[in-house]
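Here's a walk through the model you have loaded, stop by stop. Keep the selection tool handy and follow along.

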Amino acid sequence: MFSSLADKLQNTLRQLRGKGKLNEKDVDAALREIRLALLEADVNFKVVKDFIGAIRERVVGQEVMSSLTPGHQVVKIVNEEMTSLMGGKQSSLIHSGKGPTKILIIGLQGSGKTTTAVKLAAHLRRSDRRSLLVAADTYRPGAIQQLQVLSESIGEQTYSNSNAAPVDICREGLQLATRDGFDAVIFDTAGRLHIDDEMMAELAAIKKTIDPDEVLLVVDAMTGQDAVNAASSFNEAIGLSGVILTKLDGDSRGGAALSVRAVTGCPIKFSGIGEKVEALEPFHPDRMASRILGMGDVLSLIEKVEAVVDKSKARELEQKLRKQQFTLDDFRDQLTQLRSMGSLEEILNMIPGGGNIPKEVKQMSLNENNFKRVEAIIGSMTKNERQEPSLLNSSRRRRIATGSGATVPDVNRLLNQFAQMQKMFKQVGSPETKAQFKKLKKVKKGFPF
Ligand SMILES: Nc1nc2c(ncn2[C@@H]2O[C@H](COP(=O)(O)OP(=O)(O)OP(=O)(O)O)[C@@H](O)[C@H]2O)c(=O)[nH]1
Ligand SMILES: [Mg+2]
């Protein structure tokens, strides 16, 4: 995420931290670098100016320059200012106290509205809230079906009526959601290539008819300042309660994420980080700033793990580890869970200092092909072999390779990895490691510097 911006900022700040004392020249040079990095990331010009101004004002204050660790103080200030630039606190979804929560999804063509509508339903579902998805895009052929198919994939219902006008569809959808006691009703509207009066009039009419709790603008983070300009126009014409940034998993430079809140005053509520329906995260300004500045985002990582790890399975695994019965079946389960958390690179970047791990190592991730090969190899073993890999002599290995379309070295590599993992788990269970963990727990929480 925002790798070029993150690299540049982290470099500049690393240099500052390395200095014992700071003079004004050092600070000026660092601020110049930060300014350039932000402009290159397509952050709005005025936003950059104000941001740098705010940092300078706080840094030249006496306490910082004369402190024992001025470099670290500057990093802390940059982190705080970046957090407040993106809105300070997390802004969560508004829930209606009466009747279904009404969420109107709007945005330009292809920004990710339909996908995001379903992602939101999946998000609400995780806290046991059921949504009705209303298909109000009657313009693009296939739009209604797209919403239906996606909603069905997560087991949620849709409402559509291809003979009615969008405003009427929304009214009918709301009536149905109210009658049937849905917790939320999510309206997926049509996009246009550019902002035009006709679309704005239609959206304004829908808004008036359904009186939504949330009007969420979906913007494609890859489009940088264009996204921010679109957000301003939508906010002026319709009035927004929040923004959802999509495609943060792509190589967006960061401009939209860092400027949209400051320019429009609307909070970023969620970010889309992939095409799958689970790939939506609540947006936390502080965690995002820490991620950009290379301080990791351990909290999001923990939440991710909790979201994908099946609690009862985890307990079962713990038991097995204790009894040292970790098998190839468990190995495959672990890989599946790890894979559903995203790419290895993404995960490592959430660990403090993870940004410093060489790119080649990070990209050695479990890509689709590797994973399929591992699955095929383990799938070609008999149950006994999976429980007891020591049975796997060379003729059995050859049989497995042929059966799974892999090579014998592939099978050997996999068994090696498994053996290493088993060894690692044995260490984790050892008394020495437990003692080390205890010590770690005592270390004060806080900034990693
Ligand atoms: N990588 C990635 N792709 C996304 C994300 N969100 C949406 N997409 C993809 O973007 C494309 C467009 O998404 P849609 O949800 O159809 O966009 P839309 O705004 O409803 O499009 P229209 O209805 O045609 O205006 C699809 O291929 C989605 O899979 C995201 O967060 N990351
Ligand atoms: Mg759509």
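Start by selecting Ser 96 and Lys 98: a polar atom of the Ser 96 side chain lies 2.5 Å from the backbone oxygen of Lys 98. That counts as a polar contact (a pair of N or O atoms within 3.5 Å; within protein, one must be able to donate a hydrogen and the other to accept it, and residues adjacent in sequence count only if both atoms are side-chain atoms). Ser 96 sits in the loop between helix 5 (70-85) and strand 1. Helices (H or I, at least four residues) and strands (E, at least two) are DSSP runs, numbered from the N terminus. Setting aside neighbours within four places in sequence, Ser 96 is in contact (heavy atoms within 4.5 Å) with Thr 101 and Asp 213.

Some ground rules before moving on: this is a predicted model, where local features need pLDDT of at least 70, side-chain atom pairs count only at pLDDT 80 or more, and totals for chains, interfaces and linings use all residues. Residues are numbered from 1 along each chain as its sequence is written, chains are lettered from A and ligands numbered from 1 in the order in which they are written, and side-chain values use heavy atoms, with hydrogens and water left out.

Next, pick Leu 85, in helix 5. Leu 85 is buried, at a relative accessible area of 14%; buried means under 20%, exposed over 50%, partly exposed in between (1.4 Å probe, protein chains only). Not counting residues up to four places away in sequence, Leu 85 touches Val 47, Phe 51, Leu 258, Arg 261 and Ala 262.

Now show ligand 1. Which residues come nearest to ligand 1? Of the 20 around it, they are Lys 113, Thr 114, Thr 115, Arg 140 and Asp 249; a residue is near a molecule if one of its heavy atoms lies within 4 Å of it. Helix 6 (residues 113-126) gives the largest share of this shell, four residues.

- Asp 249: a polar side-chain atom is 2.7 Å from a nitrogen atom of ligand 1.
- Ser 111: a polar backbone atom is 3.2 Å from an oxygen atom of ligand 1.
- Gly 274: a backbone N or O atom is 3.4 Å from a nitrogen atom of ligand 1.

Taken alone, ligand 1 exposes 650 Å², and the protein buries 82% of that (Shrake-Rupley method, 1.4 Å probe; for residues, only the protein chains shown count as cover).

Move to helix 8 (residues 166-179). Which of its residues are buried? Color Pro 166, Val 167, Ile 169, Cys 170, Gly 173, Leu 174 and Ala 177. They span an arc of only 160° around the axis (taken from the directions from the helix axis to the C-beta atoms), so they lie on the same side of helix 8. Their cover includes strand 1 (101-106), strand 2 (131-136), strand 3 (157-159), strand 4 (184-189) and helix 9 (197-210). Just past helix 8, Gly 181 has a positive phi of about 70°.

Last stop: Asp 211, in the loop between helix 9 and strand 5 (214-220). Asp 211 is not a glycine, but its phi is positive, about 50°. Is Asp 211 buried or exposed? Exposed, with a relative accessible area of 53%.

Methods
Expected span 1.5 Å × (residues − 1).
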